[in-house]
Amino acid sequence: LWEHKDVDGDVTFISALNDDFEGGVVAIDGTKISLKQGDVVAFDGTKLKHGVSEVTKGNRYSLSIWLKESKTELIKFKKTIIWINWFGECTMRIVSH
């Protein structure tokens, strides 16, 4: 697991495009999150260390998006991780703060 903080971008979004693989667990500030297809996790990547463990079977596909502060005036994360699932029932939960 190579953990890092982003140099640029105030809010980081990681979306899981599939979940038919082993490994590939997202870690954010010590919190391990196994994303399922359709899950989106959002956090301040410049403040929270994050990374992904090695994929041991299959292929992991994800979509990462970084937003700058000028685009995120309404989002004030600090040390919050938000986890959203867009498929099926749309749910959102705060993992930590």
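Start with the side chain of Asn18, which reaches the backbone oxygen of Asn59 at 2.8 Å. Before going on: this is a predicted model. The side chain of Asn18 also makes a polar contact with the side chain of Asp20, at 2.7 Å.

Where is Asn18 in the chain? It lies in the loop between strand 1, residues 11–16, and strand 2, residues 22–23. Is Asn18 buried or exposed? Its relative accessible area is 9%, and because the cut-off for buried is under 20%, Asn18 counts as buried. If we set aside neighbours within four places in sequence, the residues in contact with Asn18 are Gln37, Asn59, Arg60 and Tyr61.

Next, Lys5. This residue is in the segment before strand 1. Its relative accessible area is 45%, so Lys5 is classed as partly exposed. Again leaving out neighbours within four places, Lys5 touches Gly45, Thr46, Lys47, Leu48, Lys49 and His50. From Lys5 to Ile28 the C-alpha distance is 9.8 Å, with a separation of 23 residues in sequence.

Three strands make up an open sheet, ordered 4-3-6, with antiparallel pairing. Which strands are at the edges? Strand 4, residues 31–33, and strand 6, residues 50–52, each pair on one side only. On average, neighbouring strands of this sheet are turned by 20° against each other, ignoring direction.

Within the sheet, strand 3 covers residues 26–28 and is joined to strand 4 by three bridges, the two running antiparallel. In that pairing, Ala27 stands opposite Lys32 of strand 4.

Methods
Residues are numbered from 1 along each chain as its sequence is written. This is a predicted model: local features need pLDDT of at least 70, side-chain atom pairs count only at pLDDT 80 or more; totals for chains, interfaces and linings use all residues. Side-chain values use heavy atoms; hydrogens and water are left out. Helices (H or I, at least four residues) and strands (E, at least two) are DSSP runs, numbered from the N terminus. Buried means under 20% relative accessible area, exposed over 50%, partly exposed in between (1.4 Å probe, protein chains only). A polar contact is a pair of N or O atoms within 3.5 Å; within protein, one must be able to donate a hydrogen and the other to accept it, and residues adjacent in sequence count only if both atoms are side-chain atoms. Contact means heavy atoms within 4.5 Å. Two strands pair if DSSP finds at least two bridges between them. Axes are lines fitted to C-alpha atoms, for helices over the stretch in contact, and angles run from 0 to 180 degrees between N-to-C directions.
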